[in-house]
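Please walk through this structure with an eye on its aromatic rings and its metal site.

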Amino acid sequence: MRINKKEFAEKLRQGDNILILMHEQPDGDAMGCAYALYAALKKLGKKSRVSSFDEPAHNLRFIAADIEFEKFEPDLIVAVDVADLKLLGDNWRDYEGKIDLCLDHHVSNTEYARYTFLEDTAAASEMVYDVIRELGVEIDHFMAVCIYVGVATDTGCFRYPNTTSRTIRIAADMMDKGIDAQDINKLMFETKTKSFVKLEKLVNETLELHFDDRCAIYTITRKMFEKSGALESECHPITAASRQIEGVLVGAVIKEQKDGSFNISVRTNGSLNAADICAELGGGGHKNASGCELGGTLAAVKAALLKSIERALGIEA
Ligand SMILES: [Mn+2]
């Protein structure tokens, strides 16, 4: 059932021991949402903890660094920025039918939770900002850092087409709380690990251009991860790079997963709909940023992806 921010805040108020779940390989928005909400609930005197299947990326660990969670049996389970239960990770079945609340900004949300608060915002952290205000909790420095990290991540540091004036107003509000936005931006957007640079070099060799150079595809194999020592959680800049090539309307990254299947990230420019491209392949997401997962050989996966992209580009088969 769909609920609004007021009802979402009300349901949170009813819980005492609240477990917050993030998707696997949590990104800045997932971390921002979860930890800002956690901090707000603590302010209300509730027990809370954040849980995720994977460790956050190296450049996001500072958020959780000083936090020690208490142990408790949850009476309320909340998922934030999680479009589909399966995105919780390999143990997703443990939570089947058990998610009470979901706060999310993916229009493809499968409404797996009892109550879903869904808006089409640039970052889910914008919604958490609203909820914290609805709860009547004052946003402190830590929450401000979390929310800033969230909105900055999902807007590519305020450059992606999903960025709205409201996103920037929220970021400005967080800066007024005294956060060092420059420091956070440097860590998140201007710093690469050496292992990532090695991975980038290998991945650049895989670039393929299709459909009169309007489509760019990069491939990342397990071997490349092994060779470079880079982590999966570091791959976001490669995904972003796929649509940065001049004239490219759709960029995609095909990433081999540990179980041999493939994770596909699709990014589009302008009016081309990435969610439509991924929906045909069983996935979904946002208009300019979506994803899906496919089994089979790399060649078969690439062929299926190209077919869907071809259709989106309106090319006759
Ligand atoms: Mn998000």
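What follows covers ring pairs, charges over rings and the metal site, in that order.

The model is predicted. It holds 5 aromatic pairs. Take F8 and F117 as the opening case. Their ring centres lie 5.7 Å apart and their planes meet at 45°. Planes under 30 degrees apart would count as stacked and over 60 as edge-to-face, so this pair is tilted. Where do the two rings sit in the chain? F8 belongs to helix α1, residues 5-14. F117 belongs to strand β5, residues 115-118. The pair therefore ties together parts that are 109 residues apart in sequence. The cut-off for buried is under 20%.

Now turn to Y38 and F69. This aromatic pair is edge-to-face, with 85° between the planes and 5.1 Å from centre to centre. Y38 lies in helix α2, residues 28-43. F69 lies in the loop between α3 (61-64) and β3 (76-80). Because of these positions, the pair ties together parts that are 31 residues apart in sequence. Are the two partners buried or exposed? Y38 is buried, with a relative accessible area of 9%. F69 has 28% relative accessibility, so it counts as partly exposed. Y35 joins this group too: ring pairs link Y35, Y38 and F69 into a cluster.

Rings also meet charges here. K11 places its charged end over the ring of Y115, at 4.1 Å from the ring centre. R243 lies over the face of Y160, 4.8 Å from the ring centre.

Which residues supply the protein donors of the manganese ion? They are D29 (OD), D81 (OD), H105 (NE2) and D154 (OD). These donors lie 2.2 to 2.5 Å from the ion. Along the sequence, the donor residues follow the spacing D-x51-D-x23-H-x48-D. Consider H105 and D154. H105 is in the loop between β4 (101-104) and β5. D154 is in helix α5, residues 141-154. The pair links distant parts of the chain, 49 residues apart. H105 and D154 are both buried.

Technical notes. Residues are numbered from 1 along each chain as its sequence is written. This is a predicted model: local features need pLDDT of at least 70, side-chain atom pairs count only at pLDDT 80 or more; totals for chains, interfaces and linings use all residues. Side-chain values use heavy atoms; hydrogens and water are left out. Rings of Phe, Tyr and Trp (its six-membered ring) pair if their centres lie within 6.5 Å; planes under 30 degrees apart count as stacked, over 60 as edge-to-face and the rest as tilted. Helices (H or I, at least four residues) and strands (E, at least two) are DSSP runs, numbered from the N terminus. Buried means under 20% relative accessible area, exposed over 50%, partly exposed in between (1.4 Å probe, protein chains only). A charge sits over a ring if NZ of Lys or CZ of Arg is within 6 Å of the ring centre and within 35 degrees of the ring normal. Donors are N, O and S atoms within 2.8 Å of the metal (3.2 Å for Na, K and Ca); water is not among the atoms, so sites may look incomplete.
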